Amino acid sequence: MELAQKAKPVIIISLHEIFKTHALLAENLSQLVTESDDPLKVIMADLGAPPSEFNEDDQDRELQLTLTNRFKVDVDEDSEHHRLYDETKELVIPILRLVPVQNSIHRLSLMDVLEAGIKFATETNNSNLKSQIKKILENLGKLETAE
């Protein structure tokens, strides 16, 4: 699932769960966080104190929240290679599903499949498939030189 995931994750949470989580985090924040610039401490400061009481009429109301990371993450060279690797995996999966490969008793390598994909794309005039395979080969070249 991780390799095909492009959308931000979404959770469904009740108002009561939000209320209880906020209260528990506020109550135990000093035990959870030791550094003053910890992201959890920053978020809790922005939220302020939890409400003192919860309206029981809202017990079963749920919200759908899209999760986003508001804190900048430094991208170093290794994580850039990891991103490139993940992107390449995402490009390879549809090709493995799309390209017809002859039944064989031999195991096929990725390069065999990509060559079959180029041949198939040429036969079917599928320029999108050709460009995906070209991008995969470029990414593989970059990953090989990075090591």
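**Reading the fold**

Mentor: This is a predicted model. In H1, four residues to look at are Leu15, Phe19, His22 and Leu29, and these are buried.

Trainee: What covers the buried residues of H1?
Mentor: Look for the elements in contact with them. Here the cover includes strand E1 (10–14), helix H2 (39–47) and strand E2 (62–66).

Trainee: Where does helix H1 bend?
Mentor: Compare the axis before a residue with the axis after it. H1 spans residues 15–32, and its bend of about 45° falls at Ala26.

Trainee: Next, strand E1. Is Ser14 buried or exposed?
Mentor: Under 20% counts as buried. Ser14 has 9%, so Ser14 is buried. This serine lies in strand E1.

Trainee: Which residues does Ser14 touch?
Mentor: Leave out residues up to four places away in sequence; then Ser14 touches Gln59, Arg61 and Glu62.

Trainee: How do the elements of the chain run from the N terminus on?
Mentor: Read them in order: β-α-α-β-α-α-α. That comes to five helices and two strands.

Trainee: What does Ile136 touch?
Mentor: Again skip residues up to four places away in sequence. Ile136 touches Thr88, Leu91, Val92, Ile95 and Leu114.

Trainee: At what angle do the axes of H4 and H5 cross?
Mentor: Take distance and angle together. The two axes come within 9 Å and cross at roughly 150°. An angle over 145 degrees counts as roughly antiparallel, so H4 is roughly antiparallel to H5. The crossing is left-handed.

Trainee: Which residues of H4 and H5 meet?
Mentor: List each side. H4 brings Leu110, Met111, Leu114, Gly117, Ile118, Phe120, Ala121 and Thr122. H5 brings Leu129, Lys130, Ile133, Ile136, Leu137 and Leu140.

Trainee: Finally, the whole chain. What share of the 147 residues is buried?
Mentor: Buried residues make up 17%. For contacts, look at sequence separation. Of those with a separation of 6 or more, 72% join residues 24 or more positions apart.

Key. Residues are numbered from 1 along each chain as its sequence is written. This is a predicted model: local features need pLDDT of at least 70, side-chain atom pairs count only at pLDDT 80 or more; totals for chains, interfaces and linings use all residues. Side-chain values use heavy atoms; hydrogens and water are left out. The bend at a residue is the angle between axes fitted to the seven residues ending there and the seven starting there. Buried means under 20% relative accessible area, exposed over 50%, partly exposed in between (1.4 Å probe, protein chains only). Contact means heavy atoms within 4.5 Å. Axes are lines fitted to C-alpha atoms, for helices over the stretch in contact, and angles run from 0 to 180 degrees between N-to-C directions. Angles under 35 degrees count as roughly parallel, over 145 as roughly antiparallel, 65 to 115 as roughly perpendicular and the rest as oblique. A crossing is left-handed if the near helix is turned anticlockwise from the far one by less than a right angle, and right-handed if clockwise.
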